[in-house]
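The structure comes first, then the points by topic.

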Amino acid sequence: MARDTTDQTPLSSVQDLTDYIAAGNKPRERFRIGTEHEKFAFFRADNSPVPYFGDASISALLTGLQKKSGWEPITDGGNIIGLAEQNGMGAISIEPGGQFELSGAPLETIHETCRESNQHLATLREIAEPMGIRFLGIGGSPKWTYAETPQMPKSRYEIMTRYMPKVGTQGLDMMYRTCTIQVNLDFSSEADMRKKMRVSMKLQSLATALFASSPFTEGKPNGLLSWRGDIWRDVDNRRAGLLDFTFRDDFGFRDYAEWALDAPMYFIVRDGRYHDCTHVTFRQFMNGALKGEVADPAPTMGDWTNHLSTLFPDVRLKRFLEMRGADGGPWRRICALPAFWVGLLYDDAALEAVDELTKDWSFAEISALRNAVPAEALKAQFRGHPLFDMAREVVGISRAGLKARGRLNREGQDESIFLAPLEEVLAKKATLAEDLLSLYHGRWQGSVEPVFQDYQY
């Protein structure tokens, strides 16, 4: 999320909160695909991280992009921290450790998503190259310690940095040393949301396995294939992870709102200033907990919208659904991740097939798989078989769903072409993380330095 909102509409009831989410319902013809991807900025001279301040810096990149694109600058405390497209469709933001993020516009096809990513990366290279800056596309910072990683001057991140060590062991690593690819997808009704949430929550660990690309930490193998996936096992379990209530047959918008109400807040914004609210839940805030602590202590729709953006379940519900399980990766995977989920969720037959496939998966089984995947990826066992077997079936359903959509490019190719990176993983029975480890123990001669050259954008 590039910009924290300041909608002053007053809130009076839980129904207001529920109605806000339910307003995401839209007819199928208005379904769109919003793809987000993050990457690590580094100096090509020595593979060191790029600081926020300076002539060659994150702020200079943002300023250069603003001048070239004409997008509106987003500032915090006088510092540029992002850009917003004039029509409000797309945005560029920075993550806590300087990870550079494109939050793409809502588009109709994966073909458009790929063109958007291509254009973004090409424009970014034009700005970055004279500064000696390039970008790395994998899921975890392979070299830099937490102390070496720069911290961005963004108020919400300052609050989170103080709070994370109080509620988990890996929150700071999540913030500063991971990258992801995500896709945001629509629903047409509460029942449609329910089915898509249920299916995608069950399958997030499969996505983590397919996209695993974070096997290094501080210059050496970390014993995992998705370090990022492992990190999310202990960030802040009151606001992250699997949500068992989403598997209920009667799960609805109100249930998610009730859960969100009982999650601790991070902040509210008043007169441009961020107030640390980590000591109260949103429900307590609704009941007057901040009276006497801040001016204008009554909750607003802007507060609720911001709060929803600080919750981190494996699938996040706002006015759309966010698929949050995948590691970052090279360019082709920026297209593969939305293709995987669109194929499963935007075709009725595919959605029905994958719902049927997963209908009797228990919460205990899914939790066990989530715990196993960071170390084992597609070799993790599920019901006595390696996850590879399930992955083949699910990717096949996605392929069929994409073909059924029939969205063709100029060459007459449908969107299933974007599943090629996943089909390569399945064909060779090795994730990108395992490829990286093979290179480390082989051609790279026990060094992670070549990853910056071989996997840069």
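The structure holds 22 aromatic pairs, where rings of Phe, Tyr and Trp (its six-membered ring) pair if their centres lie within 6.5 Å, with planes under 30 degrees apart counted as stacked, over 60 as edge-to-face and the rest as tilted. This is a predicted model, in which local features need pLDDT of at least 70 and side-chain atom pairs count only at pLDDT 80 or more, while totals for chains, interfaces and linings use all residues. Residues are numbered from 1 along each chain as its sequence is written, and side-chain values use heavy atoms, leaving out hydrogens and water.

- Phe 100 and Phe 135 form a tilted pair, 5.9 Å centre to centre with 55° between the planes.
- Phe 100 belongs to strand S6 (residues 100–103) and Phe 135 to strand S7 (residues 133–136), so the pair ties together parts 35 residues apart in sequence; strands (E, at least two residues) and helices (H or I, at least four) are DSSP runs, numbered from the N terminus.
- Phe 100 is buried at 0% relative accessible area, and Phe 135 is buried at 3%; buried means under 20%, exposed over 50% and partly exposed in between (1.4 Å probe, protein chains only).

**Pair within a helix**
- Tyr 256 and Trp 259 form a tilted pair, 5.3 Å centre to centre with 55° between the planes.
- Both residues of the pair, Tyr 256 and Trp 259, lie in helix H8 (residues 253–261), 3 residues apart, about one turn of the helix.
- Tyr 256 and Trp 259 are both buried.

**Cluster**
- Phe 40, Phe 42, Trp 144 and Phe 452 are linked into a cluster by ring pairs.
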